[in-house]
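Keep the sequence beside you as you read.

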Amino acid sequence: MSGEVVLVLLIVIGLIGRSPIISTAACVLLIVKLVHLDRFLPTIERRGLELGLLFLTFSVLVPFASERINSKDMMNVITSWPGILALTGGAIATYVNGKGLEMLKFDPQLIVGLVVGSIIGIVFLRGIPVGPLMAAGITAILFKLFSFIADRF
């Protein structure tokens with residue numbers, strides 16, 4: 001199946017699953033292919049994740065820049081159970097993301113399963129795609145868990 005057909009299918013799946021992010025990404029990549037700018041695809045692949053993380057970090061830090069979060073709010077985070085749990089969750093998530101990045105570097109063809117799994121999660125589970133790193137991190141944890149269990153038998 002050609003890349004263009006796959007991208008059109010992803011656009012349709014994104015529209016059916018009400019996922020504008022998948023539809024938009026597939027549209028942009030389809031345009032890149034149709035106007036013969038394929039030479040930029042490796043750069044998009046290499047730097048796209050960094051760019052996406054940069055914009056995600058921008059959106060997370062806006063409340064600090066706009067001063068909607070002040071020092072009192074930050075102290076509440078450090079001294080409350082929900083805040084401590086949020087700090088713990090953030091630390092664990094970044095650790096899991098790091099393991100996901102290691103897994104993708106070691107076994108890059110897993111991205112196919114991660115993308116298809118993400119699409120299934122979006123369409124059927126009404127999930128939100130947060131990126132391949134978290135999916136790869138969860139995959140790395142599942143891989144270690146299944147390897148541990150398999151070694152026991």
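Ser-23 touches Ile-11, Gly-14 and Leu-15, leaving aside residues up to four places away in sequence. This model is predicted. Ser-23 sits in helix 2. Is Ser-23 buried or exposed? Its relative accessible area is 7%. The cut-off for buried is under 20%, so Ser-23 counts as buried.

Now turn to helix 1. It runs over residues 3-16, which makes 14 residues. From first C-alpha to last, helix 1 reaches 20 Å, close to the 20 Å expected at 1.5 Å a residue. Which residues of helix 1 are buried? They are Leu-7, Leu-10, Ile-11 and Gly-14. These residues cover an arc of only 105° around the axis, so they lie on the same side of helix 1. An α-helix has 3.6 residues a turn, so residues three or four places apart point the same way.

What do the buried residues of helix 1 pack against? Their partners are helix 2 (20-34) and helix 6 (111-125). After helix 1 comes Arg-18. The phi of Arg-18 is positive, near 55°.

Next, look at Val-77. This residue is found in helix 4, residues 71-79. Val-77 is partly exposed, with a relative accessible area of 34%. Take Leu-87. Val-77 and Leu-87 are 10 residues apart in sequence. In space they are 8.0 Å apart, C-alpha to C-alpha.

Finally, find helix 5 (residues 81-106) and helix 7 (residues 132-152). They pack at an angle of about 85°, and their axes are 7 Å apart. Angles of 65 to 115 degrees count as roughly perpendicular, and helix 5 and helix 7 are therefore roughly perpendicular to each other. Which residues make the contact? On helix 5 they include Ala-93, Val-96, Asn-97 and Lys-99. On helix 7 they include Pro-132, Leu-133, Met-134 and Phe-143. How do the residues of this contact of helix 5 with helix 7 divide? There are 13 nonpolar, four polar and one charged.

Note on methods. Residues are numbered from 1 along each chain as its sequence is written. This is a predicted model: local features need pLDDT of at least 70, side-chain atom pairs count only at pLDDT 80 or more; totals for chains, interfaces and linings use all residues. Side-chain values use heavy atoms; hydrogens and water are left out. Helices (H or I, at least four residues) and strands (E, at least two) are DSSP runs, numbered from the N terminus. The expected span of a helix is 1.5 Å times one less than its number of residues. Buried means under 20% relative accessible area, exposed over 50%, partly exposed in between (1.4 Å probe, protein chains only). The arc is that of the directions from the helix axis to the C-beta atoms. Contact means heavy atoms within 4.5 Å. Axes are lines fitted to C-alpha atoms, for helices over the stretch in contact, and angles run from 0 to 180 degrees between N-to-C directions. Angles under 35 degrees count as roughly parallel, over 145 as roughly antiparallel, 65 to 115 as roughly perpendicular and the rest as oblique. Ala, Val, Leu, Ile, Met, Phe, Trp, Tyr, Cys and Pro count as nonpolar, Asp, Glu, Lys and Arg as charged, and the others, Gly among them, as polar.
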